[in-house]
Amino acid sequence: MIGRVRLLPQTGAGWALVWLGFAALAALPFFATPFYVGLITTAMTAAMLALSLQLLVGGVGLVSLGHGAFYGLAAYIVYFLSPEGAAKPIWLTLPAAMCGSALAALVIGAISLRTKGFFFLMVTLAFGQLVYSVFHDTKLGGGTDGAYLAKPLLSAFGFTLETTSLPRSKRAWPVYYVALVQLVLMFGLLTWILRSMLGRVLEGVRVNDGRMRALGFNTFAYKLAAFTIAGALAGAAGHMWAMQSGFVNPELVGWHRSAEALLHILLGGIGTLAGPIVGAFAFIFLNDVAQQVTERKLLVEGAVILAAVLLMRNGITGLRWLPNLPSAKEGTAPDHDLAPPQKEAHVDD
Amino acid sequence: MGPGHKARDSKSKQMVAQLLNGLQYGLLLFLVASGLTLVFGVMGIINLAHGSLFMIGAYAAFLLTKMTGTLWLALPAGLLGGLALGAALEWSLFRHFAKREHLDQVMLTFALILLAEELRALVAGNDFHSVPVPALLDFPVPVTSGFAYSAYRFAVIGLCLLLALAMFLWIERTRMGAKIRAAAENPEVVDILGLDARRIHLVVFAVGTALAVVAGILAAPLTSVYPGMGDGLLIISFVVVVIGGLGSIAGAFWSALLIGLVDTLGKAYGPAFQGTGPLGTLVAAGSGSSVYILMIIVLLWRPTGLFGQRT
């Protein structure tokens with residue numbers, strides 16, 4: 001029996017809390033107004049993006065600033081497949097978007113993972129910007145202004161769900177549940193990955209890449225696998241965005257999107273898998289409240305980040321009054337008997 | 001002289017103008033990228049807000065020109081103000097983030113970008129503003145018969161070269177420069193030798209900030225000032241640092257010139273390939289992203305950049 005997985009809840013109570021959270025989300029549309037159903041769909045999309053990035057940041061210690069590229073690319077793939085007036089079914093658009101993003105992540109990862117530390121950050125940033133410049137400077141996807149698309153149809157086995165057939169107050173429900181199902185599936189998939197051999201090796205890479213290589217692991221291949229999976233999952237998030245908003249523009253690809261996903265991770269807690277979800281929800285709600293008070297959106301965002309970086313170093317899930325979700329730095333979990341002291345991942349070799 | 005000769009003549013004139021543009025752009029890039037690479041190399045800090053310093057410089061030029069009617073005051077004010085701003089930022093924030101994780105540094109500097117943009121919106125609004133070229137330099141300089149180039153752009157080239165030379169002498173020939181080189185190469189040596197690492201960091205950050213602010217001031221009359229103008233420059237500066245190699249001033253210099261020329265020429269001549277077969281279409285499509293393609297090639301060849309140490 002190998003030790004527990006660092007990023008996952010360490011106790012039954014912790015798991016209960018996670019599933020309770022998902023159950024609350026499942027019940028929420030019955031109590032909330034359509035506005036909040038829409039807002040939480042947005043939050044779940046952001047949570048999916050942050051969750052996919054957490055595989056790299058929390059799981060491997062790779063801080064990528066180009067993750068938004070895969071998110072935006074997927075949204076653009078939906079636009080290409082399902083342009084305005086020619087809606088395609090979701091069983092076509094979702095796999096296509098995820099495959100496209102995975103392919104892009106495979107290529108970009110293969111090049112950028114040759115570098116590490118600061119270089120990795122800068123190279124992923126530049127790659128993201130390369131994708132951005134393709135959509136921003138050419139007429140490929142509507143240029144700077146972006147373009148409308150036909151939201152993918154919710155159809156399966158010949159049956160199509162027409163949202164217009166629903167009462168007005170329930171029209172946002174199908175998209176909401178599509179997002180929730182994907183979020184839960186993604187959480188489950190990442191749990192499975194973190195428990196698998198791949199996850200174990202990635203944790204080893206995070207702690208000490210050189211030592212893992214000395215043990216005979218081809219760490220590059222493992223990192224590339226993680227990068228590609230994270231890209232595909234970011235693609236699912238991008239697809240979700242297209243599905244909810246029916247609109248694409250180059251800002252989806254820009255690096256601010258990646259930085260926001262990093263912020264969600266940091267805010268929620270870098271040391272837990274649930275952290276990015278909590279962080280995304282907290283941030284989107286904070287933003288919504290702030291916008292009712294002040295028009296200075298960036299000021300609020302900047303202040304929140306400063307507070308998170310300066311004061312709350314382990315994020316919301318790392319706060320002490322949540323005992324079941326272990327924090328990254330405190331090493332509260334008893335699973336460190338074999339691991340060396342927690343250090344940064346970019347140990348030289 | 002036939003019309004063909006005339007067309008060729010104007011083409012070569014255009015070529016010279018584009019080369020000069022590329023040189024001038026590359027030199028401005030150097031001012032920004034050298035600060036970025038020094039701060040990386042010496043302090044181990046990734047500063048995403050470096051582009052915002054450039055923007056602050058440009059808006060300072062705009063505001064000062066509007067108030068005083070001339071750009072001349074902005075230069076010394078920007079240099080001194082930049083040094084002071086850099087020192088204040090280092091002392092209050094960056095000093096405490098030198099040992100923190102990348103993610104924390106990224107988030108801190110991302111927050112600073114957002115705050116700088118908000119400040120810019122408060123002070124100068126969200127419109128584009130043009131900054132007049134100083135009257136003293138607002139004339140064309142004849143280069144060859146029938147071809148003239150803006151005196152201001154020449155002045156920018158000259159001033160940037162002067163600053164680059166000063167940087168070079170400072171780094172290579174002075175005591176402080178030797179300490180900085182030591183710190184960039186091996187931070188532990190600084191501690192072992194009993195040098196004051198804090199002072200070195202303060203100086204490096206202040207100088208890097210001042211260079212970015214000055215670059216912004218010089219660029220203001222050329223590009224006009226607009227929201228988010230630091231963002232694009234930041235990314236290109238990263239590309240410069242990646243190609244040049246971390247912490248290398250010489251690397252930043254040559255790679256900035258390379259990027260400046262490739263970007264300018266790519267954007268000027270790439271689109272002309274449109275419609276000359278499938279290869280031409282590909283070239284035309286890639287011309288806007290030529291610097292990124294260059295970066296990919298360099299990385300595949302040498303993952304630590306052209307002038308980087310092989311660690």
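Residues are numbered from 1 along each chain as its sequence is written, and chains are lettered from A in the order in which they are written. Because the model is predicted, local features need pLDDT of at least 70 and side-chain atom pairs count only at pLDDT 80 or more, while totals for chains, interfaces and linings use all residues.

Reader: Which helix gives the most to the side of chain A that touches chain B?

Author: In this model 35 residues of chain A are in contact with 31 residues of chain B, two residues being in contact if their C-beta atoms, placed from the backbone, lie within 7 Å. Helices H5 (118–137), H10 (255–268) and H12 (297–310) of chain A each supply at least two residues of that side; helices (H or I, at least four residues) and strands (E, at least two) are DSSP runs, numbered from the N terminus. With twelve residues, the helix that gives the most is H5(A).

Reader: At which residue does H2(A) bend?

Author: The 27 residues of helix H2 (residues 34–60) of chain A should span 39 Å at 1.5 Å a residue, and the end C-alpha atoms are 38 Å apart, which agrees; the expected span is 1.5 Å times one less than the number of residues. A bend is the angle between axes fitted to the seven residues ending at a residue and the seven starting there. For H2(A) this angle is about 40°, at A:Gln54.

Reader: Is A:Trp255 buried or exposed?

Author: A:Trp255 is in helix H10 of chain A, and its contacts beyond four places in sequence include A:Leu65, A:Leu125 and A:Gly128. A residue is buried if 20 or more other C-beta atoms lie within 10 Å of its own, exposed if 12 or fewer, and partly exposed in between, with C-beta atoms placed from the backbone. Since A:Trp255 has 25 C-beta neighbours inside 10 Å, A:Trp255 counts as buried.

Reader: What is the phi of B:Ser224?

Author: B:Ser224 lies in the loop between helix H8 (197–223) and helix H9 (229–244) of chain B. Most residues other than glycine have a negative phi. B:Ser224 is not a glycine, yet its phi is positive, at about 65°.

Reader: Which residue is the bridge partner of B:Pro140 in S2(B)?

Author: Strand S1 (residues 140–144) and strand S2 (residues 147–150) of chain B run antiparallel and are joined by four bridges; two strands pair if DSSP finds at least two bridges between them. They form a hairpin with two residues between them. In S2(B), the partner of B:Pro140 is B:Ser150.
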